[in-house]
Amino acid sequence: MIGQEKSRGTLIAVVGPSGAGKDSVMGFAASRFANRPDILFVRRAITRPSDAGGEVHESVSAAEFEEMHRCGAFAVSWQAHGLSYGVPREIAAKVASGMIAIVNGSRTALPAFRAAFGEISVVLVTAEPPVLARRLAERGRESEADVLRRLTRQAPEIIAGPDVTVIDNSGRLEVAGNRFVALIERCLSEMHHPA
């Protein structure tokens with residue numbers, strides 16, 4: 001119908017250093033929006049065992065990932081820390097149809113997210129270095145040398161701009177979680193009442 005065009009949704013890419021608590025902040029928001037069919041928390045395909053801890057993901061082998069990539073199964077894919085990550089292709093259609101899709105992304109993959117989704121919202125979850133070190137050590141997935149390598153890795157200089165919101169998660173999860181919830185609510189409001 002003319003004049004009844006459905007508004008485009010939004011992709012929110014959550015990025016930040018390992019140990020900043022991206023999964024925790026996203027989980028906090030997911031529990032708040034559990035009954036909202038227009039808000040999707042994206043499940044990524046990762047070449048990591050499903051029982052490795054962290055986010056719920058689709059565990060695939062390196063060969064399966066390569067085949068999925070070759071067949072065009074991903075809207076965005078990237079490699080980091082010896083693993084491959086993929087965001088399902090159908091997420092682009094869901095965003096185009098008016099949904100808000102929230103995905104645990106990667107700072108290095110932001111150009112690919114922007115190329116695949118156009119305008120996006122980026123949330124950079126950060127924490128103070130001592131907090132990052134403690135959280136990485138508690139996770140137990142890496143050796144002390146690997147943790148030190150992660151902490152000294154230079155972040156790409158692409159984490160600034162009008163589409164980037166920084167959320168410090170050094171303290172209580174509720175503080176960072178509520179800031180993220182407020183950002184999602186703002187995106188919902190802008191979709192329903194565009195300027």
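1. In this predicted model, Glu-174 counts as partly exposed, at 37% relative accessibility, and its salt-bridge partner is Arg-172, with the closest N and O atoms 3.3 Å apart. Arg-172, at 57% relative accessibility, counts as exposed.

2. The count of salt bridges comes to four, and one of them joins the side chains of Glu-67 and Arg-70 at 2.7 Å, N to O. Both residues lie in helix H2 (residues 62-70), and because they are three residues apart they are separated by about one helical turn. Glu-67 is partly exposed, with a relative accessible area of 37%, whereas Arg-70 is exposed at 59%.

3. A further salt bridge pairs Arg-114 with Asp-163, the closest N and O atoms being 2.8 Å apart. This pair links distant parts of the chain, 49 residues apart, with Arg-114 in helix H4 (residues 110-117) and Asp-163 in the loop between helix H6 (144-152) and strand E9 (164-168). Arg-114 itself is partly exposed, with a relative accessible area of 27%.

4. The "binding site" annotation comes from an unreviewed UniProt entry and covers a set of residues that includes Pro-17 and Asp-23. Pro-17 sits in the loop between strand E1 (10-15) and helix H1 (22-32), and its 19% relative accessibility is under 20%, so Pro-17 counts as buried. Apart from neighbours within four places in sequence, Pro-17 contacts Lys-22, Arg-107, Val-125 and Leu-132. Asp-23, by contrast, belongs to helix H1 and counts as partly exposed at 33% relative accessibility.

5. As for the cysteines, the count of disulfides comes to zero; Cys-71 is partly exposed, with a relative accessible area of 48%, while Cys-187 is buried at 9%.

Conventions: Residues numbered from 1 in each chain as written. Predicted model: local features only at pLDDT ≥ 70, side-chain atom pairs only at ≥ 80, totals over all residues. Heavy atoms only, no water. UniProt positions renumbered as here; feature names shortened; annotations may be inferred. Helix = DSSP H or I, 4+ residues; strand = E, 2+ residues; numbered from the N terminus. Buried < 20%, exposed > 50% of the residue type's maximum accessible area, 1.4 Å probe, protein only. Contact = heavy atoms within 4.5 Å. Disulfide = S-S within 2.5 Å.
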